[in-house]
Amino acid sequence: MSRARLIFIVFYLTALLTAATAFRGASSRIFNKCSTAVITQNRLRQQLWQKQLELEELINPNAVFERIKQKGKPEVPIE
């Protein structure tokens with residue numbers, strides 16, 4: 001084996017290992033970004049669900065009736 005071929009193989013393997021390390025780092029960063037996005041999406045979904053429950057409580061006929069009973073008879077404007 002010639003000396004030039006040995007040097008070429010050493011440089012080739014070094015470049016290959018460097019590229020593999022870079023790909024692993026990039027893969028890890030992308031995974032972390034995706035995980036953060038999923039967590040944020042789930043948190044927003046939970047907040048939306050809570051707001052929907054609050055809205056349903058405000059417009060539910062039974063809840064409206066209960067609020068009216070607690071506050072007393074509503075004032076009806078005389079025309």
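Which residues make a nonpolar surface patch of about 510 Å²? The patch is made by Phe-8, Ile-9, Tyr-12, Leu-13 and Leu-16. Patches here consist of residues with over 30% relative accessible area and no salt bridge, where nonpolar side chains (Val, Leu, Ile, Met, Phe, Trp, Tyr) are joined within 5 Å and like charges within 9 Å. Accessible areas come from the Shrake-Rupley method with a 1.4 Å probe, and for residues only the protein chains shown count as cover.

Before going on, some housekeeping. This is a predicted model, in which local features need pLDDT of at least 70 and side-chain atom pairs count only at pLDDT 80 or more, while totals for chains, interfaces and linings use all residues. Residues are numbered from 1 along each chain as its sequence is written, and side-chain values use heavy atoms, with hydrogens and water left out.

Now the chain overall. It has two helices and zero strands; these are DSSP runs, numbered from the N terminus, with helices (H or I) of at least four residues and strands (E) of at least two. Of the 79 residues in the chain, 1% are buried. Buried means under 20% relative accessible area, exposed means over 50%, and partly exposed is in between (1.4 Å probe, protein chains only). The accessible surface comes to about 8000 Å², and carbon and sulfur atoms account for 65% of that.

Tyr-12 sits in helix H1, which covers residues 3-59. Phe-8 is in helix H1 too, four residues from Tyr-12, or about one turn of the helix. Rings of Phe, Tyr and Trp (its six-membered ring) pair if their centres lie within 6.5 Å; planes under 30 degrees apart count as stacked, over 60 as edge-to-face and the rest as tilted. That rule gives one aromatic pair. The ring centres of Phe-8 and Tyr-12 are 6.2 Å apart and the planes are at 25°, so this pair is stacked. Phe-8 is exposed because its relative accessible area is 56%, whereas Tyr-12, at 49%, is partly exposed.

How many salt bridges are there? The count is one, taking a salt bridge as a side-chain nitrogen of Lys or Arg within 4 Å of a carboxyl oxygen of Asp or Glu. The partners are Lys-51 and Glu-54, at 3.8 Å from N to O.
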